[in-house]
Amino acid sequence: MPNTHNKPCSWWQPQELAIDACRHYRLGPLNIYLQRQRQQWLLAHEYSTEDMQQAPCHTDISVIPLHLTSQRYLISQSPASYQLLPRLMDRPVVVKTLQPVNLPPNEQTTLYISSPVSLSVMLTQPDMLLQNIAVQRLSDTWFGPSTQIGELCYADKTHARHAKAELSLRPHRAVTPVTVHNRSTQMLSIDKLSIPVPFLALYALPDGSLWTDPVTLSHEGLQALAHFRTGKLSAAEAQGAALLSEPVQKPEKHSLVRAFTDIFSD
């Protein structure tokens, strides 16, 4: 019988694997298989059409499924310790809200929007990166008003939640609090948001959820443009949080980024 362990609060912490042991992880739609041998580690992964919502679990199995092609990492004396370390994506994630959000002039709101993470599969003591694997396959999208102005991003769909209590535990996605100020004189219709995840730090909370630094977007009437700034998690949100990674990039002071498209209602 395979041995299954649920560790919702510490699955990203270093773990150990005995020689000739094999382990299977399920995180959202991603399945990862790890096998340690005396002088090599084997790594394989595949995606499922079913997106598992519960906390990640690992199962000790006898062998990596034969239909998968394993990557082999040859090491004279293979270390026992490994880590699956969550990382934010290396490009902004364009999130299309499942329902449009309308914000009247001089109003503000905070939306809780999640985006999928990637995993750095590492051996530890000493640290050695084996592979970066996205937990969800995302398509590329160009985000901007024209083919000359904008940036290459990843595309995703998600709900825009208005309260933390509405959030379900999805450990393969990081939640970003996005505060939007509509300082213009027209209705602001939010159909898409570009979440600048390379500018954000990533945290793990005691309940097993992943959070990023918050983002504030101020719309002042320029078509498809918004000022943005990043902040830090509030004391209530950050209680017991563990910093997993610093921002990959630093935004320039008073940055003007393309945060919306199609922002005016017809």
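Partly exposed, as used here, denotes a relative accessible area between the limit for buried, under 20%, and the limit for exposed, over 50%. Lys-96, at 32% relative accessibility, therefore counts as partly exposed. The structure described in this report is a predicted model.

**Salt bridges**

A search of the whole structure finds five salt bridges.

| Asp-60 | Arg-23 | 2.8 Å |

Asp-60 forms a salt bridge with Arg-23. Asp-60 belongs to strand β6 (residues 57-61) and Arg-23 to strand β3 (residues 22-27), so this pair ties together parts that are 37 residues apart in sequence. Asp-60 is partly exposed at 25% relative accessibility, whereas Arg-23 is buried at 10%.

Asp-191 is buried, its relative accessible area being 18%.

Lys-232 lies in the loop between β20 (226-230) and α1 (235-238), and Asp-213 in the loop between β18 (210-212) and β19 (215-219), so the pair ties together parts that are 19 residues apart in sequence. Lys-232 is exposed, with a relative accessible area of 56%, while Asp-213 is buried, with 2%.

**Nonpolar cores and a buried glutamine**

The largest nonpolar core comprises 51 residues, of which Ile-32, Leu-34, Val-121 and Leu-193 touch the most other members. Apart from this core lies another, of seven residues, including Tyr-112, Val-175, Ala-201 and Trp-211. Not counting residues up to four places away in sequence, Ile-32 touches Arg-23, His-24, Tyr-25, Leu-43, Ala-44, His-45, Leu-119, Val-121 and Ile-133.

Gln-35 is found in strand β4 (residues 30-37). With a relative accessible area of 9%, Gln-35 is buried. Its contacts, again not counting residues up to four places away in sequence, include Leu-17, Asp-20, Cys-22, Trp-41 and Ile-64.

**An open antiparallel sheet**

Four strands form an open sheet in the order β2-β8-β11-β12, with antiparallel pairing. The edge strands, β2 (15-16) and β12 (128-134), each pair on one side only. Strand β11 (residues 118-123) is joined to β12 by six bridges. Within this pairing, Ser-118 stands opposite Ala-134 in β12.

Terms used:
Residues numbered from 1 in each chain as written. Predicted model: local features only at pLDDT ≥ 70, side-chain atom pairs only at ≥ 80, totals over all residues. Heavy atoms only, no water. Core = buried A, V, L, I, M, F, W, Y, C linked by side-chain atoms within 4.5 Å. Buried < 20%, exposed > 50% of the residue type's maximum accessible area, 1.4 Å probe, protein only. Contact = heavy atoms within 4.5 Å. Helix = DSSP H or I, 4+ residues; strand = E, 2+ residues; numbered from the N terminus. Pairing = 2+ DSSP bridges. Salt bridge = Lys/Arg side-chain N within 4 Å of Asp/Glu carboxyl O.
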